[in-house]
Amino acid sequence: MNKKAVSICFAILLFGVSITNLFAPKRDFSEYENRYLQQFPDLNAEDILSGKFSKDFVAFTSDQFIGRNGWISLKTISDLAVLKRDNGRVYFGKNGTLFDAGEKIDLEQLEKNMGFLADYITLLKSRLPQLNASILLVPTSSEILSEYLPPYAPVPEQQAAIDMVVEKLSKTASVYDPTKLLKENKVNYLYYRTDHHWTTDGAYLVYAGWAREIGLTPLSEQDFTIKKISSSFYGALHSKANLMTIKPDSVNVYCFTDDVQVLADFGGGDKRDSLYFEEFIQKKDVYSYFLGGNKPLVDIATNADNGKTIMVIKDSFANCFIPFLTKHYQRIIVADPRHLNTDYLELAEQSGITDLLVLYNVPNFSSDKNLSKLTANKKGG
Amino acid sequence: MVFSSLLFLFYFLPAVILIYFIIPGKFKNFWLLVASLFFYAWGEPVYALLMIAVILLNYFHGLLIQRLKNSGRLKTARFALVLCVALNLGALGFFKYADFIIRNINHIPGISIPLVGVALPIGVSFFTFQALSYTIDVYRGDVNAQNNLVAFGTFVALFPQLIAGPIIQYKTIDQQLIHREHSFDKFGDGVRRFIVGLAKKVLIANTVGELWSNISGAGGSPLPVVTAWIGILAFTFQIYFDFSGYSDMAIGLGKMFGFEFLENFDYPYMSKSITEFWRRWHISLGTWFRDYVYIPLGGNRKGLPKQIRNILIVWLLTGIWHGASWNFVVWGIYFGILLMVEKLFLLRVLERLPAAVSRIYTMLIVIISWAIFAFDKLSDGISYIGWMFGASGILFDSKSIYLLLTNFVLLLIGCIGSTDYPKRLVSKLESRLGKSPKISTCGACAILFIIAILCVAYLVDASYNPFLYFRF
């Protein structure tokens with residue numbers, strides 16, 4: 001071996017990368033990681049002595065590293081080559097399907113949340129005796145598409161959690177378990193491969209099942225024209241995956257063939273005559289097309305003109321589900337306890353709701369710490 | 001700053017190398033000293049002052065001791081040595097052990113001394129021991145005091161071995177500090193060694209480390225036997241590849257700058273006894289304790305009872321050197337006792353057994369020791385050892401199978417990489433290709449290049465790049 005050649009190769013690598021880094025243009029934002037990148041930190045005595053400068057500079061060296069995304073992909077590929085099937089954030093499933101590895105069911109929290117919900121609905125019913133309350137907990141892809149998971153990948157047992165909710169809350173509300181329906185239709189495109197949400201197809205399927213369950217006549221597929229709004233959706237799981245070779249998802253929207261008018265107040269003066277935010281089609285987070293992402297409170301008026309008002313207490317799974325409700329209710333109040341701090345009893349009572357829907361995915365419902373807000377004011381109010 | 005970072009590889013190192021080889025010879029030490037102080041100051045700028053204090057303390061004591069000895073005032077020289085050792089150990093004690101001692105005293109009812117709460121200076125245990133070796137050797141007359149402050153400062157602060165060893169004894173690089181050769185041969189060897197070390201740290205240690213923290217951080221609920229073993233094997237490989245990777249990088253960097261450091265690891269996981277293991281694991285630490293504690297105490301020359309006492313003292317110190325908590329004390333004494341048992345009779349038994357049996361015995365002892373080592377809380381370590389031997393009552397669950405399926409290649413790489421087979425394979429290939437040096441050069445360059453590129457990819461990903469040795 002010629003040591004001189006080795007020395008020169010090393011020098012080329014070291015100085016080549018180093019100089020390229022120095023002169024390469026700096027980026028402000030990474031769409032791929034959905035965050036601002038560290039810029040060259042301020043050079044001042046205080047920051048240097050406190051160690052802030054060195055910390056920020058280290059972040060700067062990796063955030064602004066030349067070809068950052070390519071390197072990260074290379075790391076993931078080599079992980080996969082030694083048969084690793086997760087990176088601590090996502091599982092790399094078959095056919096380019098990604099699963100959230102952080103999903104968990106916290107039995108203690110689930111127990112608490114069921115208690116909050118039971119109390120809330122009982123209190124509401126004492127004030128609004130005619131109220132129809134229903135609970136819809138949607139399993140995530142790891143439950144429905146388990147055969148796409150890496151073999152033996154540890155995922156929470158969502159069916160057991162749903163069964164607990166059915167057992168405990170059936171007396172209080174009608175609990176709909178869509179698992180069987182989803183499993184029977186799993187050959188269809190029910191969940192995004194690169195995002196933790198369900199697709200509009202998945203939402204439609206469950207909407208129809210749920211509607212039948214609570215005595216509504218669901219709209220049939222003929223009532224819609226299905227439009228593909230994006231075929232380049234890289235979801236949140238893709239950002240966690242660090243792998244650029246995965247194929248993007250496509251996103252559908254179900255448009256009513258006949259005239260449905262909505263007037264929606266998204267808060268903060270944002271009023272629209274549509275539930276869809278066209279501006280997100282070109283952005284990374286295409287799923288925010290539905291209801292503009294997670295707004296604390298959305299108040300929707302429709303031309304259903306049947307005197308029915310529904311309040312939906314929900315997480316992001318509801319965002320693509322709610323458009324299906326516009327034919328059935330003349331007013332839809334959408335509240336997200338993670339972002340909305342209010343007196344939920346008063347909100348429901350003052351709006352004179354006739355229906356209540358609680359819609360969460362199972363892991364969220366079993367770990368969310370915000371459901372206590374539902375009954376937080378019951379003593380004071 | 002750590003070697004396995006983009007900051008070191010693509011900012012610090014190129015700048016240091018470039019200037020080092022441009023400036024004339026007489027300035028090279030000065031540049032290394034400046035660069036080393038910068039390297040040290042990077043994380044905690046204030047502690048550069050501690051480093052300078054340690055340099056000055058030992059530099060002047062070295063000169064003083066030499067002068068006193070030359071003028072025949074041996075008693076005063078001895079006093080100066082004791083003072084210097086006390087000051088060094090005092091600083092080490094204050095920064096590393098003060099809170100541990102206070103916390104234990106506070107267990108006595110009625111006593112509540114406030115904690116000191118200082119951050120541990122990186123590598124303080126390494127450079128204090130290096131400095132001590134110098135002053136003691138000057139007193140013993142093994143080396144002459146170094147008159148050149150810059151050369152001495154370079155010895156103490158030299159960034160390649162500053163934060164994770166090897167612990168260089170002054171006498172081994174005395175000559176090199178003033179005269180050392182620089183050549184492409186040495187530089188190329190250094191590059192190869194550095195890249196191998198980097199790969200050990202970044203590609204293997206960090207990855208198995210992630211597996212270990214995944215398993216050990218599972219919240220304290222009992223683990224199935226298989227999971228517990230996967231976890232402890234991951235830690236076993238993490239600590240070896242991390243630590244020996246650092247030593248490889250240090251030795252490689254040293255070579256690039258013309259130094260020849262002694263080896264620190266010699267395939268310890270191939271050992272056939274614990275006695276042999278400790279001759280192959282962190283050699284520079286073992287040598288240090290042998291030269292400056294065990295032998296001065298009388299070693300094995302003063303009868304068995306004294307020898308047992310000496311072994312226990314050395315291993316108590318070795319344990320506590322690794323960190324200020326009780327698990328390290330237990331860990332050290334555990335090895336002390338085993339070494340005594342081996343010395344008394346077991347070694348003779350082991351020699352007669354087939355190699356495979358004595359290797360399994362050794363690794364079993366070592367792996368159990370890592371479970372003690374890995375948990376600050378002794379009780380956590382003990383329950384983990386319990387799970388390894390079935391205390392949970394579960395052999396395996398589906399997560400164990402998942403972990404096994406997705407990590408066995410990694411663990412296999414760890415196994416093979418812990419032996420000297422890869423090295424033997426490379427030298428066999430090299431000697432076979434000796435007739436066609438072009439092929440062997442291209443091959444070596446290509447392989448090192450690919451490894452380096454992979455390391456960079458892992459570093460850019462850098463979601464996980466912990467440094468284990470801040471506690472030493």
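## Chain B fold and chain A domains

Chain B holds 19 helices and zero strands (DSSP runs numbered from the N terminus: helices are H or I of at least four residues, strands are E of at least two). Its radius of gyration is 23 Å, close to the 23 Å from the globule rule for 472 residues, so chain B is as compact as a globular protein of that length. The radius is taken over C-alpha atoms, and the rule is 2.2 Å times the number of residues to the power 0.38. This is a predicted model: local features need pLDDT of at least 70, side-chain atom pairs count only at pLDDT 80 or more, and totals for chains, interfaces and linings use all residues. Residues are numbered from 1 along each chain as its sequence is written, while chains are lettered from A and ligands numbered from 1 in the order written.

**Chain B overall**
- Along the principal axes, its C-alpha atoms fill a box of roughly 70 × 70 × 50 Å.
- Of the 472 residues in chain B, 45% are buried (20 or more other C-beta atoms within 10 Å of the residue's own, with C-beta atoms placed from the backbone).

**Helix α9 of chain B**
- This helix covers residues 184-216; its 33 residues should span 48 Å at 1.5 Å a residue, and the end C-alpha atoms are 45 Å apart, which agrees.
- The expected span is 1.5 Å times one less than the number of residues.
- Of the 33 residues of α9(B), 28 are buried, so it is largely enclosed by the rest of the structure.

**Chain A domains**
- Chain A divides into domain 1 (1-66) and domain 2 (98-375), with bounds from an automatic or database domain assignment.
- The C-alpha centres of these two chain A domains lie 43 Å apart.

Key. A residue is buried if 20 or more other C-beta atoms lie within 10 Å of its own, exposed if 12 or fewer, and partly exposed in between; C-beta atoms are placed from the backbone.
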